[in-house]
Amino acid sequence: MMRQILYPFHILIISSEASSPAQNQTMPNYFLHRRLSLSLINRLKHCCPAMLSQARQLFTTHEGNRPTIVQKRSLAILQDPLFNKGTAFSMTERDRLDLRGLLPPTVVSPEQQIERFMIDMKRLEVNARDGQSDPYALTKWRILNRLHDRNETMFYKVLIANIEEFAPIVYTPTVGLVCQNYSSLFRRPRGMYFSAEDRGEMMPMVYNWPADQVDMIVVTDGSRVLGLGDLGVQGIGISIGKLDLYVAAAGINPQRVLPVMIDVGTNNEKLLNDPLYLGLPQRRLDGDEYIAIIDEFMEAVFTRWPNVIVQFEDFQSKWASKLLQRYRNTYRMFNHDVQGTAGVAIAGLLDSVRAQGRPMIDFSKQKIVVAGAGSAGIGVLNAARKTMARMLGDNESAFESASSQFWVVDAKGFITEERENIDPEVLPFAWKVNEASRLGLREGASLLEVVQKVQPDVLLGLSAVGGLFSKEVLEAMKKSTSTRPAIFAMSNPTTNAECTPDEVFSIVGENAIFASGSPFKDVVLENGQVGHCNQANNMYLFPGIGLGTLLSGSSIISDSMLQAAAECLATYMSDDEVMKGVIFPSISRIRDITKKVAAAVIKEAVREDLAEGYRDMDARELRKLSQEEILEFVQKNMWSPEYPTLVYKED
């Protein structure tokens, strides 16, 4: 009788060591688990640390290896992408879940499912007439999205196995095209929408989301999607794409992510006049009304999910930094455009110094011209200045000295203190008029004039103006004082890149270092060598920042945690790779990169005494872990897309 009572509970608590059907039938693990009560764990901490370590391993499980209880059967489960396996359901599961007869009789392995999917995708590629055009990329997105709708586990298996090919489809640059056409592409609701009409209702609204635990939210107001401007409610596509990468790269459980759109209207005339537009057909709210809506949203989500991490994405410059400063010391949040893009840029800038055969500390001597003073530009400037200042002593004079290494150019030209209505965040980088004149520069000087006079080591583009780095500007970069001038065309999508790699290597020369925000193909040079096109892809950092914050239990995301992430990425590349001009790794290594970045974030959170621990690993135990043990801890808590065994239970 006792066995009949305990057995169903045993299924729920099975450890990662008992993942096969045969192992699931054994009883000893049950008794071990059952008896490891919290009080016993506390006693073990003091008397038997070795036994506690073994017990911790038993409690730490891979999410996909445990049987999952479901309250649905038959067609209902086939229509649920979180649990649907398609033709991979075993015969015992088909009997248990009333699926027999609803599927073809052959049980297909996940590997065979991937093979079938990839054959369909390659057939599309063969039949495409004009190469990889925008419509072709969008068709690929449609196919992946349909797979996501019907079988979420298989979608992530395909994405992870082919991350280099499909990251540009689910994220930049194709996600920009998706957002522009989202109203016509909309099929299945995904995520949550909070609008200006929901004021006063957001607290009860968050309980409409079925998940009791949410680890990661990506939220946008659609006001500045990539370099495409105001796309209103259609900006939800960027939140969905970002979270797909959180799952694929960081192993965040897809049942614990939530894409969010805050619809406060749009100033896009085309959308306002489109009868098929799905968002509020009104002008954007501003000022105190706007702030009140974001405040209400933040209070609501952190009330229901106190430990959630919120990433702000693609908010227009006028609000990005203000909202970051408003919430960063109260909530677990960060702004990807201001902080994430900056970290990737810093990693690339540090490695561009290594590519010159110089130590990274020489970064403090680099002359950098920055084109663009929006939220991304400001974020990079602040992060680069902090990095330089830390190398110079981390005091007030160090910050002043670091500020003099930057020349900022926006749509109105070179920025000096003479600029009227200057943005307070740009002011620290504005040159004094007399000092600028000694270089032969004036307020409003063109980008070409600045490059000619400064002869910078680095030309950094964050302008969202395609082709801004003209032939004349690149010709001027040939006179750079650096042996390996670096040109970073960071703006997205591809059409907004400030220049192409072909232009850089043909004009500046084979020794140039090139990086871009969107993917480009490597360039074969006249001498047969390869001009490497490094993608300064922000997916190298934000998944690791989110995962590291989650696993550390840090209540905030500090500047030092972000700096640790950037420096980890910078040191990821070997000296040989960097000397060849390869300053960013292949996207195919993204899960390993994310694991190491997350470990660096955890280590820094512990050092700053911000870590509060995660699940059974409390802060005190986290401090005792070695570097290798931190990496193992991260690896064990990364979700992998494996089909769980499903067990039906009535409500």
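1. Let me start with Asn84: at 6% relative accessibility this residue is buried, where buried means under 20% relative accessible area, exposed over 50% and partly exposed in between (1.4 Å probe, protein chains only). Asn84 sits in the loop between α6 (74-78) and α7 (91-96). Helices here are DSSP runs of H or I with at least four residues, strands are runs of E with at least two, and both are numbered from the N terminus. The side chain of Asn84 comes to 2.5 Å from the backbone oxygen of Arg150. That is a polar contact, i.e. a pair of N or O atoms within 3.5 Å; within protein, one must be able to donate a hydrogen and the other to accept it, and residues adjacent in sequence count only if both atoms are side-chain atoms. Setting aside neighbours within four places in sequence, Asn84 is in contact (heavy atoms within 4.5 Å) with Ile77, Leu78, Phe89, Arg150, Asn151 and Tyr643.

2. Before going further, a word on what you are looking at. This is a predicted model, in which local features need pLDDT of at least 70 and side-chain atom pairs count only at pLDDT 80 or more, while totals for chains, interfaces and linings use all residues. Residues are numbered from 1 along each chain as its sequence is written, and side-chain values use heavy atoms, with hydrogens and water left out.

3. Now the overall numbers. The protein has 31 helices and 18 strands, and 58% of its 651 residues are buried. Take the contacts between residues at least 6 apart in sequence: 70% of them join residues at least 24 apart.

4. Where does the UniProt annotation "binding site" fall? According to that unreviewed entry, it covers Glu313, Asp314 and Asp337. These residues span 25 residues in sequence, but no two of their C-alpha atoms are more than 6.6 Å apart, so they gather at one spot. A caveat on the record: UniProt positions are given in the numbering used here, feature names are shortened, and annotations may be inferred rather than shown by experiment.

5. A polar atom of the Asp314 side chain lies 3.0 Å from the backbone nitrogen of Leu226. Beyond neighbours within four places in sequence, the contacts of Asp314 include Thr220, Asp221, Gly222, Ser223 and Asp337. Its phi is near 55°, a positive value in a residue other than glycine.

6. Asp337, also in the annotated set, lies in helix α19 (residues 336-354). Its relative accessible area is 5%, so Asp337 is buried. A polar atom of its side chain lies 2.6 Å from the backbone nitrogen of Asp314.

7. Seven strands form an open sheet in the order β9-β8-β7-β10-β11-β12-β15, with mixed pairing; two strands pair if DSSP finds at least two bridges between them. The edges are β9 (413-414) and β15 (533-535), each with a single partner strand, so one side of each is left without a neighbour in the sheet. Within the sheet, β11 pairs with β12 (residues 513-516) in the parallel sense over 4 bridges, and Ala486 stands opposite Ile513 in β12.

8. Which helix lies across β7 (368-371), β10 and β11? That is α19, running at about 165° to β11. Helix α23 (residues 447-454) also packs on the sheet, touching β7, β8 (406-410), β9 and β10, and its direction makes about 175° with that of β7. For these angles, axes are lines fitted to C-alpha atoms, for helices over the stretch in contact, and values run from 0 to 180 degrees between N-to-C directions.

9. Finally, some backbone geometry to check. Most residues other than glycine have a negative phi, and most peptide bonds are trans. Ala464 has a positive phi of about 65°; this residue lies in the loop between β10 (458-461) and α24 (471-477) and is partly exposed, at 35%. A cis peptide bond joins Thr172 and Pro173, with omega about 10°, and Pro173 is in the loop between α11 (163-170) and α12 (174-180). The bond from Asn492 to Pro493 is cis too, omega being near -10°, and Pro493 lies in the loop between β11 (486-489) and α25 (501-507).
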